[in-house]
Amino acid sequence: MTELSPAATEAHRAIEAIWRIESARLIAGLARVVGDIGTAEELAQDALVAALEQWPISGVPEKPGAWLMGTAKHRAIDLLRRRQTLERKHEEIGRDIERAQEVIDPEAAMDEDVGDELLGLIFMACHPVLSKDARVALTLRVLGGLTTEEIARAFLVPVSTIAQRIVRAKRTLTEARVRFEVPAGPERVARLASVLEVIYLIFNEGYSATAGDDLVRPALCEEALRLGRILAELITTEAEVHGLVALMEIQASRLRARIGPSGEAILLLDQNRSRWDRLLIRRGLAALERAERLGGAMGPYALQAAIAACHARASTAADTDWPRMVALYDAVAELAPSPVIELNRAVAVGMAFGPAAGLALVDGLVSEPPLSTYHLLPAVRGDLLRKLGRSAEARAEFERAASLTQNVAERKLLQRRAAECTAEGMAG
Amino acid sequence: MRVLVLAKEDHQSQAAKPPTPEMMAEFQTFNEELVKAGVVIGDGRLYPSSQGKRMRFDGKKRTVIDGPFAETKELVAGYWLWQVRSIDEALEWLKRSPFDAGTYEIRQIMEFEGM
């Protein structure tokens, strides 16, 4: 290989950045014309290859997005013509080509339709016909502009696994004849829920990395937040979109306070609140207000955001409005009963009405099947036992919690708790 | 990553030409595009330095200096806080701005110190 000239290197870096900015819009615009994500992505990739060949020599065009769109749309028309010779009916193809030609004007391709196209792509990539894993991978690929390698690295799985997952997802969409559309009516609610779920899954994978040495992978949190913020601009009237954004903004505000100097986890109530990101809290509270103004205070994400906001508003852990927290968990539990919510509610009850009240609730959860291997159950139980002075029992619970978590940093924290209990037991 | 984009304006031109309505409209359009792309997370415009103050530290001594700060060639007139995935992405966005004068500086903000 020949060495790249400095100008060519610069062009390559610019192209990479432009791709990150433009790829989702590009794929969305193409998917509208050709009808499927797989073909749209291939056409977009072809345009990218053309840019990589031409721009280092000719320079980056003034409107790179329009250039890429124009190049890809020309190829799309060629493709549709070739398809015409295959099985499909003439008049149908005629319409497709007309549609493609309509948007061939790069200027027109960048105007008011862009929002709807992007939404169409989001709804398609997050279609409920796909498994959660497939939706996540496809969303990061076509909306985040991440490469298969980057997604694999983020989820600590082999590249081939992600590649397979994406290929299969595209095939499933085609086989299920999923249309490129912005769903309306009752279907919209279910489809939107699927979109929000995917974004929150991405966020959570970054926020509480389920495996590996890192406690958080901020890049995934940032990507989820970016997608959420974009969605909130595209769908301004759906309360839950703002609820989810509020939840992510406020949780992200604590990212840098959650990790100690040697990479260990710091639990929310032990965090140095001066390290919480005030800007993100402010943005989160504003988004929550928007959700509430739209009548969505009782939506699942808005409720969770309200819980997060309760922490964010308190200047010290002791200042937290725990009775309100219990009420909010009551509302969440009513909406979506789950043992994990009950566990969180027990923590709030323990803070509001004393550790004995909390422990009584946790003891009722011990036999819940989904919690039997959930490390936070013994962790919470250990915490309440410790507050009640039952150090030996507390230590056993922390040790059990440590053995259940897959996360190295979290395990260290739990082992430290167990050791502290031993010391307290001896002192007492 | 987060970057701070500092709008630096030449001291004289800042006073000499206030932005025209057309320029303001173009700027608005650009800013909206950035917001829609999830890039802008904060912004602000500053009053002229004539209303600003400076404090100089020298050991225990504090000296307050009143604006305008005429000796400086370029003054910060506004700022943006952007969430981007690379400095190159920030550069690409900035290239698309409608500005026809001044200097804009992109600086990465330190995050996750200790990691």
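How many bridges join β3(B) to strand β4 of chain B? I looked this up first, keeping in mind that the model is predicted, and I found six bridges between β3(B) and β4(B), residues 61-66, with the two strands running antiparallel.

**Entry 1**

**Entry 2: where chain B meets chain A**

I turned to the interface and found 23 residues of chain B in contact with 27 residues of chain A. The two chains bury about 2,200 Å² between them, and 53% of that area is on carbon and sulfur atoms. I looked next at polar pairs, and the count between chain B and chain A is eight residue pairs in polar contact, both residues being at pLDDT 80 or more. The salt-bridge rule finds five across this interface; I looked up the pair A:E223 and B:R85, which forms a salt bridge with the closest N and O atoms 3.8 Å apart. On the side of chain B that touches chain A, the elements giving two or more residues are α2 (21-36), β2 (40-45), β5 (74-83) and α3 (87-95) of chain B, and I noted that α3(B) gives the most, with five residues.

**Entry 3: helix α20 of chain A**

I took the span of α20(A), residues 408-427, and found that its 20 residues reach 29 Å from the first C-alpha to the last, close to the 28 Å expected at 1.5 Å a residue. At the start of this helix, a side-chain oxygen of A:N407 comes to within 3.2 Å of the backbone nitrogen of A:E410. I listed the buried residues of α20(A) as A:A409, A:L413, A:L414, A:R417, A:A418 and A:C421, and I saw that what covers them includes α18 (376-387) and α19 (391-404) of chain A.

**Entry 4: A:I166**

Is A:I166 buried or exposed? I found A:I166 in helix α9 of chain A, residues 159-175, and I record it as buried because its relative accessible area is 2%, against a cut-off of under 20%. Leaving out residues up to four places away in sequence, A:I166 touches A:A137, A:L138, A:R141, A:T148 and A:I151. I also looked up A:T139, which is 27 residues from A:I166 along the chain, and the C-alpha atoms of the two are separated by 9.5 Å.

Notes: Residues are numbered from 1 along each chain as its sequence is written. Chains are lettered from A and ligands numbered from 1 in the order in which they are written. This is a predicted model: local features need pLDDT of at least 70, side-chain atom pairs count only at pLDDT 80 or more; totals for chains, interfaces and linings use all residues. Side-chain values use heavy atoms; hydrogens and water are left out. Two strands pair if DSSP finds at least two bridges between them. Helices (H or I, at least four residues) and strands (E, at least two) are DSSP runs, numbered from the N terminus. The expected span of a helix is 1.5 Å times one less than its number of residues. Buried means under 20% relative accessible area, exposed over 50%, partly exposed in between (1.4 Å probe, protein chains only). Contact means heavy atoms within 4.5 Å. A polar contact is a pair of N or O atoms within 3.5 Å; within protein, one must be able to donate a hydrogen and the other to accept it, and residues adjacent in sequence count only if both atoms are side-chain atoms. Buried area is the accessible area (1.4 Å probe) that two parts lose on being put together, summed over both. A salt bridge is a side-chain nitrogen of Lys or Arg within 4 Å of a carboxyl oxygen of Asp or Glu.
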